[in-house]
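Subject: Structure handover

Hello,

Please find the structure below, for your files. My notes on it come after.

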Amino acid sequence: MFVYLRHGDNEQFLVNTNCPVILLLEHIKAKLELSKTDLVDLCDEGGALKLLFLSRRLEDCARPQLPPRCSFTVCSVNRRAMDGAYVSISPLLANPDPALLETLQTQTDSLEKARLIQLRSQEVDRFQKTVKSKRRDRAVRLNAAEVKPLPQTGRRNRRN
């Protein structure tokens, strides 16, 4: 199947969604003459992002995520190079609707909050692993110090 992708000054083109997500995104970048390192995504007419750039399996088919014969707007995802923070998501349209811009900004804020929560949980996991390993090391040292040699009885069994 195919979908319509809007961009620029009321321009659009068709794409076949019966392909891997990675190929679809690369085709969009090539068609719009964007850099290969740019992040792009699609949003529907209400501004809901499809989050194709976050797909864990980019080799999966794009068809299930994009209903046939629908129109989507190509959006640019802007992230900070230093820490990967989401800065903005902007439609690649000449005159975007203010409501669309507001919806995309809300989703940008949500993505950034989710990213920060994930980072915090990873830090907590690392801290807990460190604490557990320190406790384990301390327990081993304490057990080694508590081990005392058995007292000698003075009697030895001799084998003849």
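The notes run from the overall fold to single residues.

This is a predicted model, in which local features need pLDDT of at least 70 and side-chain atom pairs count only at pLDDT 80 or more, while totals for chains, interfaces and linings use all residues. Residues are numbered from 1 along each chain as its sequence is written, and side-chain values use heavy atoms, with hydrogens and water left out.

Overall fold

The protein chain contains 2 helices and 5 strands, in the order β-β-α-β-β-β-α along the sequence. Helices (H or I, at least four residues) and strands (E, at least two) are DSSP runs, numbered from the N terminus. Of the 160 residues in the protein chain, 26% are buried; buried means under 20% relative accessible area, exposed over 50%, and partly exposed in between (1.4 Å probe, protein chains only). The protein chain exposes about 11,900 Å², and carbon and sulfur atoms supply 51% of that area (Shrake-Rupley method, 1.4 Å probe; for residues, only the protein chains shown count as cover). Among contacts (heavy atoms within 4.5 Å) with a separation of 6 or more, 54% are between residues 24 or more positions apart.

Strands β4 (residues 71-79) and β5 (residues 86-91) pair in the antiparallel sense over 5 bridges; two strands pair if DSSP finds at least two bridges between them. S76 has S90 in β5 as its bridge partner. The hairpin has 6 residues between the strands, and G84 takes a positive phi near 80° there.

N95 is exposed, at 67% relative accessible area. Its C-alpha lies 8.3 Å from that of G8, although N95 and G8 are 87 residues apart in sequence.

Salt bridges

The structure has 4 salt bridges, each defined as a side-chain nitrogen of Lys or Arg within 4 Å of a carboxyl oxygen of Asp or Glu. One of them joins R80 and D83 (3.4 Å, N to O). R80 is partly exposed at 45%, and D83 is partly exposed at 35%. Salt bridges with shared partners also link R57, E59 and D60 in one network. R57 is partly exposed at 49% relative accessibility, E59 is exposed at 52%, and D60 is partly exposed at 30%.

Regards
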